[in-house]
Structure formats: structure tokens, C-alpha cells
Amino acid sequence: MILERLQKDLESRLHAWAKSEGVDTPTPVLLKPAPDNLPDFDLSTPWPLSMAKPLKSKPLEVAQRAALTLEGIPVSATPPGFINIKLSPETLAENLKSLIAAPGDYGKGEGSRNINLEFVSANPTGPVHVASARAATLGDSLARILKHRGHAVHTEFYVNDAGRQVETLGLSVKARYDQAKGKDAEIPEGGYLGDYIKDIAAKAPQEAEQWDAAAFGQFAIELNLAGHKTDMENFGVTFDRWFLESELHEEKALDLVLKKLKGLGKVYEKDGATWLDTGGEDGEDDKDRVLIRNDGRPTYFLADIAYHQDKINRGAKELIDIWGADHHGYLPRMKDAITALGYAKGTFQAIIHQLVKLLRGKEVVKMSKRAGDFVTLRELVEEAGLDATRYFFAMRTPNAHMNFDIELAKKKSNENPVFYVQYVHARVCSIFREAKDRGVEGEASDAALAALDHPTERALLLKLAWFAEVLRGCEKELSPTGLATYLGELAGLYHKFYEQCHVLDTDAPDKTKARLTLCAGVRALIAEALGLLGVSAPERM
RNA sequence: GCCCCUAUAGCUCAACGGAUAGAGCACGCGCCUUCUAAGCGUGUUAUCGAGGUUCGAUUCCUCGUGGGGGCACCA
């Protein structure tokens, strides 16, 4: 919070100054951490560099003159044109105290967005596979971060429990069921071949003897859906709602949304099918899309439009979907559909994450549900562990194409960076256990806190102060990656501090209490931040 | 053919257009009679190529090359 206040203060004063110099539209003032090679400063801004041209002066002169207007803030101007800032020990101590006083509120924002966040939405035709771990981590962690920022976030998993794939699944399971009973049966062309189909068939009850393929399909869907729910729960991922496509059909939502689109003049008939005019002049799509096939059946697209309309009907102001890159071609038509329904551009957006290339050693693992060759999320979490898996995926930005070696993930889980972070928490807890044994008590005085001036202490205090800005960055990027990076850096600073500054020192009670307070702050923040990533903060390791 | 993403150290990944490009893993050498060595210190190694914009480019633009994905009345 202190940085946000400082940034606003700087900006208003620098902009006022720029205005007095005749520049009405100055650039924003960005605060950055000072580089490591300049330990005399905590923060810097390159604002004078960007203002040199509009002010028609040399950058360094701008910095020097601007610095003069910042009375009360300890700043200095350095070449080629930075303004550097040193925070006072009292300011850093005040920030630490606010963290300790209410860890759950630290870094909280007063956001006002109302977001429906849909992610994973894996097909219920088989188990959840590893690729979904990325979307699950991304969505769940992002939801937690956005909520911490004060926004209203409603998470959903969309279940395609209707349509052709359910029929195919039913036929496949029935074939396996019949085979198990010794009957002559074949999996139809394009059916599901994985062993898990046999497992599903084996779980069918007595009365399944009388079932048709549709009944087998329904049975399989319900079984898979229950598995998905368990997998997500075990992965620490919760959804406010599991939305069934079949609910839309029951409520005639497709007819209603089609009627609405017709009323808006966005729909036409051609070749016996019903089309949505998605292209258009403002449109993003390159061609129109079918809503009702010429055999009268609705497309997936129409159902999806009805679903997104439903989200809006239920109160969401912003719709954010998380998709794998294999669906990115679907984005333009979905955007056009939302605007066709009369909603502003930007009401709907998708976070596209690149696909995970799975390897076993050097061998590429092909993922196909139909062929039955895939690694399940459950398998990975059981072997690599929840914490390691979630942190691993959180560290990657959505746009990063990544190679994921399953063997490495299992074998080397102890080398996952998550342990580096968790170890900080365990170490702090250990110190507090020892402090209790030694009977160290009492709060640190303000003077003692302000006297935390060892380089590693200062670095930690400063890092703690960046937390709110990190979360702001996560919101902007729509990704938890910045938080994972931040945690790694914070952990590194703590381990250095731990080596260089012995906390419990009976000869220096004031210093001991102050350092314990710093440790408590680090512990609280690590626990809070790991919690946002869905990762545990162990007290012992 | 067209569209989207991407190329950073031996490997996996970071870095709002700013100062000496950061971590972890791997490899070499040191550090446990004091709060947990899952740690610390130290050393080696990187921006695909060619142009352009800029005071300044890993970042933005163009072209090229390599990789991933997509171009249905499938979902």
C-alpha cells in the first residue's frame, strides 16, 4: 500500500510541475525497484527520460529540476535521467506493522469488477488429463487473486453433456459392456478406445442389461463428471458452479437466444441452415457461422452463445474464459457473438494458454482420449504432489509454450522451486518454536524496528512492500505468474538474511524482537501468497 | 496458402521501452560445536538472423528461419 500511495503522490506532484512547464499530458509515473548495483536507492522512476522531449530539455536536467519539486520525499537525480527514492526506515517499519496486524487484509484492493471466470470445462467423455492442470492452476489462482483485489469473481466449469460425443461415448461403453458379457460387439468408427471405457462398462449396474446406448452414455457422463469433481477438489480447485449444457436445452435457452439474435437482425437462412452474421464490418471473424444445421440440430456454437448469454443474465458484467491454444480459432466468432447480442466489446475475453508438450524423458507423449493414450491429472498429482504441480504451472505465463517431462516431474519433485519457498515458512516457524522455548516475549519497539538496517533486512522489508503491486500486475496480466516469481525472490532474500542475521540473540533483546517481527511478517506473507496459489505453507519440512 | 502464439544459459522458465538480462536445475570449488544444509557463498554459460523506430530495444515494427497450434453444418 505504501508504494501505491507514494506513486500517486509522486504522479500528482510531477504532473503538476510538468503542467507548470507547459506540458498538459505528461506520461504516467512508473515506480520500479532500483537495480541491485545501486544499493543507495530503493525505488526509481525513468519519468524524466520520457519527459525530456516534450519538455525540450536534457533528461538529466528534467530529473534535477523535477526532483526539486518533490520536497519531503528523499529523492535524487542520476544520469541519464532517473529519479531515485530512498524509503525511510520508519516507513518500512510502518508497512511491516500493518502486515502483521492483519495479514489477511495485506495487499487487499477495493476492486469493483464483476467477473464470471470459466475454466477447464473438460469434456466428460473421459478422465481429466494433465493438460488441464495448466488451465486449472491458472483459473483457480487468478480467481483467488482477483478476489483478494476486491473483485466479485464467480467460477464455472462448463460440462458438455449433450450432443454427438455423448452418443459416441454411449455406443463405445455399450460395446465394451456387451463384449464383457461375451456378446459380439464392435466399437463404432470414431468411438472411444481407451481402457477406461472398459472400466466404466464394468461399473454398470445389473439393470444395464436393458440399457440402450443413450442410457450407457448418460451413465458414463455421470461417472466421469463425478471423477472430474473429485480431481478438481484434490487439486485444490473449487468452482462456484458446474454448469451442464443439458440445463440450457431444458430451459429452451438456445431457442431464446436465437430469437434474440433474429430480433436483432443478425441471423439469416442459407442452404437450409441458419447462420449468424459474425464477420461484418466491425467483426473479428473471417466468415459467418452456422447456428442450426440443415438437419435441424443446433451447433455447439449456438449452445455456447446461449451459455454466455446465461452468464450475463445471472449478473456477470465481464466474461472471461480460459482456453487452450487449440481453441483460439474459436475466439473471433465468440467475440462477435457477444457483440451481436448487443454487449460492448470487451464484455467477453479469453485467456489463451499455450499447450503443454508432454514428454517421458525424450519421448513425446501423444494425448488422445479416443486412443486412450494420455496421462491423467490424478496420476500426476499423486506422484509429483499437489504443491509442486500447482507451483510449477503457476510459474509459467499463459503464453509460454512449455515442455513438461513427466519423468522429471515425478523423479525430481524435491527439486521443484516450491520447496525453496515453503522452506522459508518452515524455517521461520522453527525460529518461533525456539523463541518460545527460550521464553522470548514482547513486542518490538518502533525504534527497534526502524533500526533494522542490515542490507538483507532492508531488502526483505522492501520486498514485503511490493506485494500489493505484484498482485496488481497479476490482475493486469490475468496471470498468477508474477506472484510465483515474487515468492521465489522473497524466499531468496530470506535465506540470505537467515545466513547473515542470527535472529535469537540473548545479548540483544531489542534486536531479537525486531527480527522476530520481521520473520513474522515474512511468514504471514508467504502463507498468504502461497494460499493464493493454492499451495500449502508447512510448519515443518 | 491464411491466421494465432513463440524463439533468452546445457535444461525448464522470468524480466510495465530503462541503469551490469534474473531464478531454479545441472556442473566446479568452499561453508554445519549457535534459530532446520530442502540453505548460503563462489565460478562457468544466454537475448535465432537481418533491417527499422527510439536518447535507450530481450521488449515495439518489417522481412527471413526454426518450433507449437488453428483454419467444419466437430466439440
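Reader: Where is P80 placed?
Author: P80 sits in the loop between β3 (75–78) and β4 (82–85). Strands here are DSSP runs of E, at least two residues, and helices are runs of H or I, at least four residues, numbered from the N terminus. This is a predicted model: local features need pLDDT of at least 70, side-chain atom pairs count only at pLDDT 80 or more, and totals for chains, interfaces and linings use all residues. Residues are numbered from 1 along each chain as its sequence is written, while chains are lettered from A and ligands numbered from 1 in the order in which they are written.

Reader: What kind of peptide bond joins P79 and P80?
Author: A cis one, with omega about 0 degrees. Most peptide bonds are trans, and most residues other than glycine have a negative phi.

Reader: On phi, then. What is the value for S121?
Author: S121 has a positive phi, about 40 degrees, and is not a glycine. S121 belongs to the loop between β5 (114–118) and α5.

Reader: Buried or exposed, S121?
Author: S121 is buried, because 22 other C-beta atoms lie within 10 Å. The cut-offs: buried takes 20 or more other C-beta atoms within 10 Å of the residue's own, exposed 12 or fewer, partly exposed is in between, and C-beta atoms are placed from the backbone.

Reader: And D271, what's its phi?
Author: Positive too, at about 55 degrees, and D271 is not a glycine. D271 lies in the loop between β8 (267–270) and β9 (273–276). D271 counts as exposed because it has 7 C-beta neighbours inside 10 Å.

Reader: Switching to helices. Which one holds A133?
Author: Helix α5, residues 131–148. A133 is buried, with 26 other C-beta atoms within 10 Å.

Reader: What does A133 touch, sequence neighbours within four places aside?
Author: L377, L380, T389 and F393. Contact means C-beta atoms, placed from the backbone, within 7 Å.

Reader: How far is A133 from L87?
Author: Their C-alpha atoms are 41 Å apart, across 46 residues of chain.

Reader: Now the big picture. What domains does chain A have?
Author: Domain 1 (2–87), domain 2 (119–245 + 354–411) and domain 3 (416–532). The bounds come from an automatic or database domain assignment.

Reader: How many residues link domain 1 and domain 3 by contact?
Author: Six residues of domain 1 contact six of domain 3. The domain 1 side has four nonpolar, no polar and two charged residues. Nonpolar covers Ala, Val, Leu, Ile, Met, Phe, Trp, Tyr, Cys and Pro; charged covers Asp, Glu, Lys and Arg; the others, Gly among them, are polar.

Terms used: Two residues are in contact if their C-beta atoms, placed from the backbone, lie within 7 Å.
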